[in-house]
Amino acid sequence: VTRQIHEHEQENELREQMSGYKRMRRQHQKQLIALENKLKAEMDEHRLKLQKEVETHANNSSIELEKLAKKQVAVMEKEAKAAAADEKKFQQQILAQQKKDLATFLESQKKQYKLCKEKIKEFRAEGEMNEDHSTPKKEKQERISKHKENLQHTQAEEEAQLLSQQRLYYDKNCRFFKRKTMIKRHEMEQQNIREELNKKRTQKEMEHAMLIRHDESTRELEYRQLHTLQKLRMDLIRLQHQTELENQLEYNKRRERELHRKHFMELRQQPKNLKAMEMQIKKQFQDTCKVQTKQYKALKNHQLEVTPKSEHKTILKSLKDEQTRKLAILAEQYEQSINEMMASQALRLDEAQEAECQALRLQLQQEMELLNAYQSKIKMQTEAQHERELQKLEQRVSLRRAHLEQKIEEELAALQKERSERIKFLLERQEREIETFDLESLRMGFGNLVTLEYPKEDYR
């Protein structure tokens, strides 16, 4: 019953040890899964944060471009109104100056006409004093009237010429003002498109810097998460190996205790076994003694039958001595057998127990070596897995960075292409506008307006 109770306790101890080991493995697996889920959630939150930052930057960039466009439209409208006001003021200045010049011209003509009338009067008075009576009076009157008409006609032509010059001057300078206004508008358009394109490039550079910063922060987080996961995995493996080693050592001690208990029980049982073997040898000795006694009796009866009665006493004595001698030899052999058996059994037990100890030690050593080899293999496989994970992460990070740099290069090239095309299109359109304007000016008879200065000259 004690042996069965002890065996049952050992089985419970082994079962509890294995159950604890399985619980530890399940707990380690749960820890790894929990950490992986936590790291995944952290990475998702990180990427969502970066995505929101990108969207915010894009929205802000769009809003800034809209504000810039509205500002430019407002400035252009303001400049257009100012240009229209300046043009109207410019026209009024020319018209005022021309009106003033026309008044001065008419006043001059009036004075000149008055002076001519006085000269005609003087000439007429002199003519009357030196009158040629042969010239008819009517002819003289016609001559004076014709002279007045010629003078009025000349003044009218001069006035018409002045008005024509003023009109030409007005149209030409208004045309020139329009050209200057158009060139100024072109310069503002060029400035606006350069401002817009520079704004886009600045925003794109800020976006690229942000994307590079995002890539670096993501890379740092990925490496940190991988290090955290691998560290936990190695810590759990070390704990598992330590537990396995402790369990193995405890198992070795239990096996040694069991063998020691077995040997102790064998030593305690040995006297009983030896006593039984001694009783067996004693029984053999007694049986031999009985056989010899029977043989002695038979020999004695035979000797007594074949010898005279007078010699019976001598024969009996001789047979008795011989029987006593043989029994003494047999007793000596019995004692020697007992001693040899005792020594042989003790030596055999010691040798068997030592052999069992050696076999157990060898078995436990082999099991420990197998455990160490298994743990080394698991550690090497885990380290190799960690190395593969690190290389895979490095490749993924490098490939992602290469794609990002390629994207940045392509976007900058596209932005530069857009800049060149838009500026080229704008300059070509403005050049066509100027050419069309200049051709129209030529058709209007204004000639080259490029070298024309603002009106500060005499109109006549």
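Reply: Buried means under 20% relative accessible area, exposed means over 50%, and partly exposed lies in between, with a 1.4 Å probe and the protein chains only as cover. This is a predicted model, in which local features need pLDDT of at least 70 and side-chain atom pairs count only at pLDDT 80 or more, while totals for chains, interfaces and linings use all residues. Residues are numbered from 1 along each chain as its sequence is written, and side-chain values use heavy atoms, with hydrogens and water left out.

Me: Is Q109 buried or exposed?

Reply: Q109 has its place in helix α1 (helices are DSSP runs of H or I with at least four residues, strands are runs of E with at least two, and both are numbered from the N terminus). Because its relative accessibility is 5%, Q109 counts as buried.

Me: Which residues does Q109 touch, if those up to four places away in sequence are not counted?

Reply: A contact is a pair of residues with heavy atoms within 4.5 Å. Once the residues up to four places away are set aside, the partners that Q109 touches are Q155, A156, E158 and E159.

Me: Is K121 buried or exposed?

Reply: K121 also belongs to helix α1, which covers residues 2-129. Since the relative accessible area of K121 is 59%, this lysine is exposed.

Me: How much of the chain do buried residues make up?

Reply: The chain has 460 residues, and the share that is buried can be given as a part of that number. Buried residues come to 25%.

Me: What part of the contacts with a separation of 6 or more comes from residues 24 or more positions apart?

Reply: This figure is a share of the contacts in the chain whose separation is 6 or more. Among those contacts, residues 24 or more positions apart account for 94%.

Me: How many salt bridges does a search of the whole structure find?

Reply: A salt bridge is a side-chain nitrogen of Lys or Arg within 4 Å of a carboxyl oxygen of Asp or Glu. When the whole structure is searched, the number of salt bridges found is 30.

Me: How many residues apart in sequence are the parts that D215 and R400 tie together?

Reply: D215 and R400 form a salt bridge, with their closest N and O atoms 2.9 Å apart. D215 sits in helix α2 (residues 137-306) and R400 in helix α3 (residues 312-443), so this pair ties together parts whose separation in sequence, in residues, is 185.

Me: Is D215 buried or exposed?

Reply: R400, the partner of D215 in the salt bridge, is partly exposed, because its relative accessible area is 25%. D215 has a relative accessible area of 6%, so D215 is buried.

Me: Which helices do R233 and E389 lie in?

Reply: R233 forms a salt bridge with E389, and the closest N and O atoms are 3.4 Å apart. The pair ties together parts that are 156 residues apart in sequence, because R233 and E389 lie, in that order, in helix α2 and helix α3.

Me: What is the relative accessible area of R233?

Reply: E389 counts as partly exposed, because its relative accessibility is 22%. R233, in contrast, is buried, with a relative accessible area of 12%.

Me: How far apart in space are R219 and R400, C-alpha to C-alpha?

Reply: R219 lies in helix α2 and, leaving aside neighbours within four places in sequence, is in contact with V397 and R400. In sequence R219 and R400 are 181 residues apart, while in space their C-alpha atoms are separated by 9.8 Å.
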